[in-house]
Amino acid sequence: MGATESTIANGIGARALRKEDARFLTGTGQYTDDIVLARQSYAFFVRSPHAHATITSINTQAAAAAPGVIAVYTGADVAADKINGLPCGWLITSTDGTPMKEPPHPILAQGKVRYVGDHVAMVIAETLTQAKDAAELVEVDYEVHDAVVDVRDAAAGKGPAIHDAAPDNKCYTWALGDAAATDAAFAKAAHITKIDLINNRLAPNAIEPRAANAVYDRAGDSYTLYVSNQNPHVERLLMTAFVMGLPEHKVRVVAPDVGGGFGSKIYLYAEDVALTWAAKKINRPVKWTADRSEAFLSDAHGRDHVTHAELAMDKDGKFLGLRVHTQAAMGAYLSTFASAIPTILYATLLAGQYTTPAIHVVVDAYFTNTAPVDAYRGAGRPEATYLLERIVTRAGWELGLSQDEIRRRNFITSFPYQTPVALQYDIGDYNQCLERAIKLADIAGFPARQAEAKARGKLRGIGLSSYIEACGLAPSNIAGALGARAGLFEAGEIRVHPTGSVTVFTGSHSHGQGHETTFAQVVASKLGIPYENVDVVHGDTGRIPFGMGTYGSRSISVGGAAIMKALDKVIAKGKKIAAHLLEASDADIVFENGEFKVAGTDKKKAFAEIALTAYVPHNYPLDKLEPGLDETAFYDPTNFTYPAGTHIAEVEVDPDTGVVQVVKFTAVDDFGTIINPMIVEGQVHGGLAQGIGQALLENCVYDRDSGQLLTGSYMDYAMPRADDLPSFDVDTVVTPCTHNPLGTKGCGEAGAIGSPPALINAVLDALKPLGVKDLDMPATPLRVWSAIQSARA
Ligand code: MCN
């Protein structure tokens with residue numbers, strides 16, 4: 001790897017305590033809602049109470065006359081000012097030759113509402129209470145239509161068209177792989193395993209709900225939008241170029257401290273545009289912070305797949321072919337990245353860790369009268385992993401093979417490996433992860449634990465999942481070949497100050513991942529300077545050259561690589577300065593442990609001395625060397641990174657109540673070179689909590705007839721609590737990524753990707769003696785108990 005082996009404290013590999021925690025733990029972080037501006041006004045949105053309706057009239061007079069109200073806006077006002085709808089579906093085209101349907105997504109409803117929570121009007125007042133009170137006075141008449149909220153209903157042609165542009169509610173069809181080769185593989189199969197499963201819809205539930213505060217500066221005819229967002233540059237690009245028609249340099253987007261996103265804050269949302277537009281109209285700052293109910297209704301949800309799959313094997317359980325058909329819900333409108341999730345980030349991962357030679361997958365995406373569906377931690381990859389790891393375990397059981405043996409027989413063992421679904425894995429060691437996990441989970445001791453549980457009347461089961469994911473989104477060459485309209489590079493700027501301290505400006509955005517710490521560790525190691533002398537700036541389009549934000553576990557591998565490239569430029573220039581000062585040739589200067597040395601001599605200059613010289617350059621030839629030591633680099637990865645691992649869940653089921661208790665959870669992951677093991681463990685723990693949440697507790701439920709969200713509060717949407725989770729056993733295997741300068745692979749999503757199938761496999765393993773063969777997530781007590789009753793009947 002390119003990073004120097006660090007001898008300094010808190011360099012690469014150190015468990016450095018998080019720099020950002022000083023402000024978070026002392027309550028001095030600054031979140032969007034903490035920003036209070038002079039002449040601040042407050043917005044509140046009137047949202048649709050219906051899943052599908054035509055707006056026959058809106059009367060805003062009473063609301064406009066209510067105390068404290070500054071303005072009330074509807075879709076007509078937005079249209080009059082020629083504000084476009086949100087850009088959508090910019091990532092993919094249908095593969096059946098028909099264009100993907102990209103119906104307009106208005107900022108405020110234009111004649112129709114399409115889900116409960118859709119934006120109908122915006123009320124702006126002196127106080128939030130006044131805005132809320134006035135919103136009650138906005139009179140909206142609706143002609144209510146039937147709604148279609150379940151993707152299976154949409155696929156079956158039930159329910160009226162949600163958009164004129166998509167009369168059958170179909171958004172696109174996307175296929176990947178070789179259908180003929182897959183048919184041929186099935187024709188020669190000795191055994192075929194089939195599965196039908198649902199990947200449950202999830203609400204993202206960041207601790208900090210979405211919030212925005214828009215300011216217009218009349219003197220400069222410019223805007224600043226403070227927004228709780230993971231992706232400020234892309235937010236600005238989409239808002240200016242596609243929606244508002246503003247010059248990009250007139251808009252500054254600042255994402256200050258952000259209290260979690262999990263994917264749900266990557267997108268440009270209607271509220272962000274509405275506030276920015278209104279700030280100019282009323283010439284006052286306008287603030288909005290979602291309450292938890294609004295978050296449930298209007299944050300983009302995740303998952304929501306219905307899948308049928310078949311796995312063909314020879315008599316020894318060697319995989320020959322995989323055939324997959326998935327129906328994916330898009331929700332009422334296409335959210336920013338929605339179309340890329342069940343396609344580029346799902347279908348391409350269906351080889352998993354296995355040598356399956358022929359794969360064919362078809363994804364049909366449909367509009368439904370629900371909140372839009374987009375990325376949620378893992379985004380596409382948990383859905384692929386859940387399907388694969390369920391069907392592989394089932395196949396093993398049908399063939400009489402243990403969960404580890406069927407995997408072992410099919411693992412990819414030599415690299416690079418070209419899958420039949422477009423990706424080329426650069427490196428990995430799946431057997432090592434599996435064997436380490438088996439040991440750590442003490443599978444050898446499981447039969448005794450199972451017998452002991454049985455004596456207490458409990459059913460104990462064990463479940464495996466060997467996942468792989470594609471992270472480091474996204475190499476432009478691969479994304480382009482798969483039909484995406486853009487790849488996702490990253491930018492980094494290194495500003496070396498005259499005293500030798502460094503400020504790093506990165507296009508990545510930290511909203512819990514600890515970049516201020518890990519990126520500083522990288523810079524400290526590479527430059528051989530104290531970690532305390534490095535500060536990291538992120539989340540501000542006014543300060544950072546460009547950026548594609550944080551999602552897809554891309555930041556260290558893509559953002560970190562951009563920083564490494566910029567550091568290389570800094571060192572290259574430093575060598576020139578050192579060569580001049582040391583009266584040597586550039587080629588003879590080496591840079592080691594913070595010192596520029598003439599190779600083979602004891603002549604050297606410390607990094608800080610070179611930095612000072614760069615800013616006080618009277619003693620070097622200014623016609624050959626510019627002053628300053630400030631470098632920017634852009635990095636477009638050549639491949640994804642491929643974190644992989646094996647997760648093992650052990651559960652106990654109470655057959656009388658259906659309650660599942662996770663008694664042990666083991667995760668052995670390969671994230672390549674690790675910058676900060678403590679942060680990585682934290683990321684894995686968080687992901688596991690979310691994966692366990694999906695497997696056992698969480699589910700967004702819409703009433704199938706009325707389209708009302710039935711799980712719109714924490715009374716009905718069950719989040720995992722501490723006592724739902726065991727103490728995790730985690731370990732890592734290191735196969736450094738071969739194509740980024742740090743050797744890193746992403747770790748931010750692995751926990752949420754690997755764990756759900758391990759848990760459901762464990763529950764099914766426990767229920768095997770009772771004859772239960774199938775179970776959908778979440779495995780709630782009611783579902784488990786019902787499955788037991790059905791099997792007994
Ligand atoms: N890291 C490391 N060594 C590695 C890999 C990563 O030390 N080999 C460190 C990184 O330097 C970074 C952290 O681990 O500090 C996560 O890095 P990475 O895997 O690159 O992921 P990102 O920083 O791009 O974060 C995105 C990822 C995603 S996609 C979701 S969703 C998610 C997640 O991170 N959302 C989160 N973790 C979250 N954590 C919190 N607290 N809040 C969220 O919203």
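Strands β24 and β25 (residues 595-598) are joined by 4 bridges in the antiparallel sense; strands count as paired if DSSP finds at least two bridges between them. Helices (H or I, at least four residues) and strands (E, at least two) are DSSP runs, numbered from the N terminus. The model is a predicted one, in which local features need pLDDT of at least 70 and side-chain atom pairs count only at pLDDT 80 or more, while totals for chains, interfaces and linings use all residues. Residues are numbered from 1 along each chain as its sequence is written, and side-chain values use heavy atoms, leaving out hydrogens and water.

Within this pair, I589 lies opposite V598 of β25. Helix α16 (residues 555-582) packs on the sheet and touches β24, β25 and β26, contact being heavy atoms within 4.5 Å. The direction of α16 makes about 125° with that of β24; axes are lines fitted to C-alpha atoms, for helices over the stretch in contact, and angles run from 0 to 180 degrees between N-to-C directions.

Elsewhere, strand β29 (residues 660-670) runs parallel to strand β30 (residues 729-732), with 4 bridges between them. T666 is opposite D729 of β30.

V660 belongs to strand β29. V660 has a relative accessible area of 15% and is therefore buried (buried is under 20%, exposed over 50%, partly exposed in between, with a 1.4 Å probe and protein chains only). Leaving aside residues up to four places away in sequence, V660 touches V651, E652, V653, L696, V763, A779 and V784. V660 and L696 are 36 residues apart in sequence, and their C-alpha atoms are 7.8 Å apart in space.
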